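Morning, everyone. Please look at the screen.

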Amino acid sequence: MTDTILDLKGLKCPLPVLKTRKALTRLSDGDQLTVLTTDPMAEIDIPHFCQENGHTLITSERTDSGHRFLLSKGS
């Protein structure tokens, strides 16, 4: 299992979701991806993306500068 960090701070919608999608294509099922964002819309977009595409949102938390999401790639 791989744990990868994707720093998307400073990017605006829809780039965080698009780059998250691309990063997940390079991972194996069950691998984890930590996504760091500053875009306020990511709080809605990343969970919705996971739900629609079969990935698991393990945690979602606010940070001093934005959000941190921990995802697990679905099959």
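This is a predicted model: local features need pLDDT of at least 70, side-chain atom pairs count only at pLDDT 80 or more; totals for chains, interfaces and linings use all residues.

Residues are numbered from 1 along each chain as its sequence is written, and side-chain values use heavy atoms, with hydrogens and water left out.

A word on labels. Helices (H or I, at least four residues) and strands (E, at least two) are DSSP runs, numbered from the N terminus. Two strands pair if DSSP finds at least two bridges between them.

Back to that pair. E1 and E2 run parallel, joined over five bridges. With H1, these two strands make a right-handed β-α-β unit. Right-handed means this: with the strands pointing away from the viewer, the path from the first strand over the helix to the second runs clockwise.

On the way from E1 to H1 there is a loop, and Pro14 lies in it. The peptide bond from Cys13 to Pro14 is cis, with omega near 10 degrees. Most peptide bonds are trans.

Now the whole sheet. It is open, with four strands in the order E1-E2-E4-E3 and mixed pairing. Its edges are E1 (3–7) and E3 (56–62), each pairing on one side only. E3 pairs with E4 (residues 67–72) in the antiparallel sense, over six bridges. There, Ser60 has Phe69 of E4 as its bridge partner.

What packs on the sheet? Helix H1 (residues 15–25) does, touching E1, E2 (32–37) and E4. Contact means heavy atoms within 4.5 Å. H1's direction makes about 160 degrees with that of E2. Helix H2 (residues 42–53) also packs on the sheet, touching E2, E3 and E4, at about 5 degrees to the direction of E4. Axes are lines fitted to C-alpha atoms, for helices over the stretch in contact, and angles run from 0 to 180 degrees between N-to-C directions.

Last, the core. The largest nonpolar core has 14 residues. Such a core is a set of buried Ala, Val, Leu, Ile, Met, Phe, Trp, Tyr and Cys residues joined through side-chain atoms within 4.5 Å; buried means under 20% relative accessible area (1.4 Å probe, protein chains only). Among those with the most contacts inside it are Leu24, Ile46 and Phe69. Which helix gives the most to this core? H2, with four residues.

Note on methods: Buried means under 20% relative accessible area, exposed over 50%, partly exposed in between (1.4 Å probe, protein chains only).
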